[in-house]
Amino acid sequence: MVVLSKIATNDRHGENSPYFDGWKAYDMNPYHPTKNRDGVIQMGLAENQLCFDLSEDWIRKNPKASICTAEGVDEFKNIAIFQDYHGLPEFRQAVASFMGRVRGGRVKFDPERIVMSGGATGANELIMFCLADPGDAFLVPSPYYPAFDRDLGWRTGVQIVPVHCDSSNGFLITKAALEAAYEKAQEDNINIKGLLIANPSNPLGTVLDRDTLKSLVSFVNEKNIHLVCDEIYAATLFSTPNFVSISEIMQEMEYCNPDLIHIVYSLSKDMGLPGFRVGIVYSYNDTVVSCGRKMSSFGLVSSQTQHLLAAMLSDEEFVGNYLEQSSKRLEKRHNAFTKGLAKAGITCLKSNAGLFVWMDLRRLLKEQTLEAEMALWRVIINEVKVNVSPGSSFHCSEPGWFRVCFANMDDETVEVALQRINAFVRQEKDGNNKAQGKRTKCLPKKLQLSFSFRRYDEGLMSPHIMSPHSPHVPLSPLVRART
């Protein structure tokens with residue numbers, strides 16, 4: 001028997017959660033408008049595919065930015081040879097300037113504090129390695145991004161202590177909830193090393209206001225613990241209120257210990273480049289910057305990518321137009337999608353950021369339990385053939401909420417998804433779900449689906465049968481890491 005490490009054999013990666021199971025269902029039967037119209041539509045991937053035409057147009061006009069073109073090949077040797085893990089100076093400068101622009105020019109960022117990592121996944125893990133030891137814990141307001149369980153704790157041994165927020169106040173983070181979670185951890189002899197927040201929120205699509213951010217800074221100052229702010233959706237806004245960075249709050253507060261404040265950023269969402277794996281840790285703590293640089297050698301951004309992005313992000317006219325168009329297109333898509341849901345009587349939490357909505361299906365639950373939520377999710381995956389992510393995978397304390405992504409597909413696919421959802425809700429209202437054979441009758445003829453999975457087989461979602469690492473299964477988008 002081969003004995004493997006505890007990291008290799010533990011289950012903290014989270015691959016077995018419904019969040020990733022939905023991706024596996026899509027992998028097995030992906031929707032295609034002509035080749036597989038009965039396939040599963042992927043609405044579990046938070047990706048912005050609405051502005052690739054802008055990026056592609058810039059690349060055509062700037063061939064010198066790539067070392068793999070005739071115009072840019074003269075730089076090939078300089079970029080291909082070994083690079084210091086600090087990163088190319090022009091890249092760090094471009095990223096620092098871009099971060100400032102995204103935040104309305106109200107704060108400036110020092111390129112000497114830019115620490116690179118392989119996507120925000122790597123950045124979040126890197127900051128955990130710097131701030132906590134195995135067994136230590138971070139408070140994280142819920143609902144929160146499911147892969148935080150993996151990013152923060154799988155290899156570091158750091159625990160997550162959820163701070164439960166609920167719909168009674170729009171899932172706001174309150175001082176009372178923070179104190180309750182902190183005190184409970186103390187009673188359980190759990191050493192809290194910090195608080196991690198996502199602003200804008202994934203999965204809520206909301207931004208934190210100034211008063212809330214100030215209360216969070218006060219909280220970590222009082223407890224002398226760290227505050228990590230995941231701001232990867234900083235420019236992925238499409239309406240008011242405006243995004244407020246923790247960097248702005250630091251400037252406004254009379255007392256704030258900068259050594260406790262750290263930002264995680266990425267170009268995956270704001271620039272729609274998740275495949276480039278550009279993650280950033282920006283810390284106000286000199287020791288963390290120094291340590292982070294050393295650790296970053298395990299997950300650097302390729303010098304070729306840095307070279308291209310340094311040129312792209314330094315083009316202020318392009319960046320300004322991209323951010324403006326992205327906001328407009330996201331607003332249009334968000335409005336069209338939520339109006340389509342409203343026709344079916346489905347509401348969502350009011351939001352103005354992100355690439356998703358927090359959809360309320362509580363009224364469709366047979367009972368207000370986790371089991372009922374999972375039963376509904378299985379029907380949506382296997383019969384409606386739409387991959388949405390159940391709230392329980394985001395550690396939401398209230399059953400019946402689902403995250404639905406709307407920017408990773410074209411308009412036609414969105415329309416198909418809405419028709420499927422509307423048809424499903426109609427049949428639920430009509431009570432046709434009581435008879436198995438009548439399920440398909442409420443669906444438009446062009447959208448009737450194969451309901452061969454009417455009786456849900458748990459084995460289909462078993463990680464042992466459907467592991468994305470199995471040689472018999474197509475490569476899963478799990479490898480995309482950050483969604």
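Helices (H or I, at least four residues) and strands (E, at least two) are DSSP runs, numbered from the N terminus. This is a predicted model, in which local features need pLDDT of at least 70, side-chain atom pairs count only at pLDDT 80 or more, and totals for chains, interfaces and linings use all residues. Residues are numbered from 1 along each chain as its sequence is written, and side-chain values use heavy atoms, with hydrogens and water left out.

**View 1. The whole chain.**
The chain has 16 helices and 13 strands. Of its 483 residues, 57% are buried. Buried means under 20% relative accessible area, exposed over 50%, and partly exposed in between (1.4 Å probe, protein chains only). Contact means heavy atoms within 4.5 Å. Among contacts in the chain with a separation of 6 or more, 73% join residues 24 or more positions apart.

**View 2. The loop that holds Pro143.**
Pro143 sits in the loop between strand E3 (137-142) and helix H7 (148-153). Look at the peptide bond from Ser142 to Pro143. This bond is cis, with omega near 5°.

**View 3. The loop that holds Pro241.**
Here the loop runs between strand E6 (226-230) and helix H10 (246-252), and Pro241 is in it. Thr240 and Pro241 are joined by a cis peptide bond, with omega about 5°.

Cys396 lies in the loop between E12 and E13. Is Cys396 buried or exposed? Cys396 is buried, and its relative accessible area is 11%. Setting aside neighbours within four places in sequence, Cys396 is in contact with Pro143, Phe171, Trp358, Gly391 and Trp401. Pro141 is 255 residues from Cys396 in sequence, yet the C-alpha to C-alpha distance is 9.6 Å.

His395 belongs to the loop between strand E12 (389-390) and strand E13 (401-405). Its phi is positive, about 65°, although His395 is not a glycine. His395 is partly exposed, with a relative accessible area of 28%.

**View 4. Arg277 in its loop.**
Find Arg277 in the loop between strand E7 (261-266) and strand E8 (278-283). Arg277 is a residue other than glycine with a positive phi, near 55°.

**View 5. The buried side of H3.**
Helix H3 covers residues 52-61, and Leu54, Ser55 and Trp58 in it are buried. These residues lie on the same side of H3, because they cover an arc of only 95° around the axis. The arc is that of the directions from the helix axis to the C-beta atoms. An α-helix has 3.6 residues a turn, so residues three or four places apart point the same way. What do the buried residues of H3 pack against? They pack against helix H12 (303-314) and helix H13 (316-343).

**View 6. H3 against H12.**
The axes of H3 and H12 are 11 Å apart, and the packing angle is about 105°. Axes are lines fitted to C-alpha atoms, for helices over the stretch in contact, and angles run from 0 to 180 degrees between N-to-C directions. H3 and H12 are therefore roughly perpendicular. Angles under 35 degrees count as roughly parallel, over 145 as roughly antiparallel, 65 to 115 as roughly perpendicular and the rest as oblique. From H3, Ser55, Trp58 and Ile59 meet Leu308, Ala311 and Met312 of H12. This contact of H3 with H12 has 5 nonpolar residues, 1 polar and no charged. Ala, Val, Leu, Ile, Met, Phe, Trp, Tyr, Cys and Pro count as nonpolar, Asp, Glu, Lys and Arg as charged, and the others, Gly among them, as polar.

**View 7. H2 alongside H14.**
Helix H2 (residues 18-28) is mostly covered, with 9 of its 11 residues buried. Among them are Tyr19, Phe20 and Trp23. The axes of H2 and H14 come within 11 Å and cross at roughly 15°. That makes H2 roughly parallel to H14. Pro18, Asp21, Gly22 and Ala25 of H2 meet Met374, Trp377 and Ile381 of H14. The contact of H2 with H14 divides into 5 nonpolar, 1 polar and 1 charged residues.

**View 8. H14 across H15.**
Helix H14 (residues 370-384) and helix H15 (residues 411-430) have axes that come within 11 Å and cross at roughly 125°. H14 and H15 are therefore oblique to each other. Leu376, Val379, Ile380 and Val384 of H14 make the contact with Arg420, Ile421 and Phe424 of H15. By class, the contact of H14 with H15 has 6 nonpolar, no polar and 1 charged residues.
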